[in-house]
Amino acid sequence: GSEMCIRDRSFFDAQGDFERSNGLIQAAAEANPDSRDFNSMWSARLLALGRADEAEVRLIDFAGDDPGLEDLAELATLYGTSKQYRKAADVNLRIIKAQEEAGLGPPNPLLWANYLDMLIESGQPERARAELSKLSSPYLELIEGKLLLLDGQPANALEMLDRALQVWPDQVTARYYAGQAAEQLGDFDRATEEYEAGLRQDKGASLTALPLLRIRAAAGEQRALLFVVNQMLEAGTREAEAYRLGIRASQELGRLDVVQQLERQWSKLPGQLIEFVLDRAARTAQAEGPEAARRVIGRILFDYSQPENVDALMAWVDYSIQAGALESSLAWLETQIEQAPAASGLHEAHAVLLAETEGVPPEIPLAALDRAIALGGGERHQIWLTRGNLQRGAGDWEGALSSYREAAQRDPDSILGRWDRFAILAEQRGAGSAEAREELELSLIHI
């Protein structure tokens, strides 16, 4: 029974029905609660579907109150893959301590390197520096090179990474960071060499595949770009950017058959339907105009009451505005709100459409935005930008400053929000004021 479930899942995988496939894996895991293989397979599938929280629960429940080294290793991999780097660092440290307490000898140098790497990725470089003495060559040069790169010293980083590569020439991670350092130095030939070497060593699964793809795209080398895309596809890539760039290169080369193939594959990837549809809509808008792009999104029956579909809804609203379809869009949206009055995304979209409607005073879309925020939409960076723009247009400078601050807090890496705050502060209090200068400095960091 369980083995048949696992065999049958390949049929649904081929059809792109990953939820049905996941159901079969789940059935096998639930029928064999003590099987690590089935449980690991289930958690990996949940992670691939973008359901990292559920995958984490599966692994923690299976491990119980006293997780072993194998349990911790699976958790560390999950956290690293899902970019929960602080958790990954904590679990790697637990593995190191568990090995020491079990008298298993010094931890594997790779384990220490992984731990320090996760510290760096989680924004704790100083803690990583304090532990550098635990590393030996070439891990020491690899982590130190990454830290130097983080410190804005690409020349010193490249020198350090060269030392690592002399000892360990097939180390793909070192190739990746060497390429990054070379790019920062403007040496794109050297960067390409490093990325290509990494690609040869680990084919399309290589860490260096995506940056090499970007260089090929920037240089307009479409055939070389498609060669990299093919290698990534053969390795089972889930990188949306590989599909996006591959489609554009194929269009430029007139290879519509390849475009259709890439679209089919991308649309079937778990958790990527929205990104695929938005990319297709953007290409359609460029070729045929916003009304055609609006139809591309409208053909997919997204449940817009669900938070995960808000980006698709807002793109549909944007194309509707560009197409001049305000009246019909408002009517449709008001019907949706009647059916799902607690859906924050619908109220946010309603506010944007109202703001574009002639004769509607700003307090009406602002009230719709406040409803969206009260219903849980306040974690979205864009909602605060929209609110700030409306307040600014109405002359409410202090309100706009507050909204833009909220936007910057929701997405610290974005210049939007900070730059808008600077513009208001410069206009109202002078470009030389302390507040304006501080906001300008923060904005420039994120350009």
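In this predicted model, Asp117 is buried, because its relative accessible area of 18% falls under the 20% cut-off. The residue belongs to helix H7, which covers residues 109-121. Its side chain is joined to that of Lys146 by a polar contact of 2.3 Å. Once neighbours within four places in sequence are set aside, the contacts of Asp117 are Ile143, Lys146 and Tyr177.

The side chains of Ser122 and Gln124 are linked by a polar contact of 2.8 Å. Beyond the neighbours within four places in sequence, Ser122 touches Tyr85 and Arg86.

Attention can now turn to a pair of helices. Two packed helices are described by the angle between their axes and by the distance between those axes. For helix H11 (residues 172-184) and helix H12 (residues 188-202), the angle is about 165° and the axes are 8 Å apart. Since angles over 145 degrees count as roughly antiparallel, H11 is therefore roughly antiparallel to H12. The crossing of H11 past H12 is left-handed.

Which residues in H11 and H12 meet? On the H11 side they are Val172, Arg175, Tyr176, Ala178, Gly179, Gln180, Ala182 and Glu183. Their partners in H12 are Phe188, Arg190, Ala191, Glu194, Tyr195, Ala197, Gly198, Gln201 and Asp202. By type, the residues of this contact of H11 with H12 comprise eight nonpolar, four polar and five charged.

Definitions and conventions
Residues numbered from 1 in each chain as written. Predicted model: local features only at pLDDT ≥ 70, side-chain atom pairs only at ≥ 80, totals over all residues. Heavy atoms only, no water. Axes fitted to C-alpha atoms, helices over the stretch in contact; angles between N-to-C directions. Helix = DSSP H or I, 4+ residues; strand = E, 2+ residues; numbered from the N terminus. Parallel < 35°, antiparallel > 145°, perpendicular 65-115°, else oblique. Left-handed = near helix turned anticlockwise from the far one by under 90°. Contact = heavy atoms within 4.5 Å. Nonpolar A, V, L, I, M, F, W, Y, C, P; charged D, E, K, R; others polar. Buried < 20%, exposed > 50% of the residue type's maximum accessible area, 1.4 Å probe, protein only. Polar contact = N/O pair within 3.5 Å; in protein donor to acceptor, adjacent residues only side chain to side chain.
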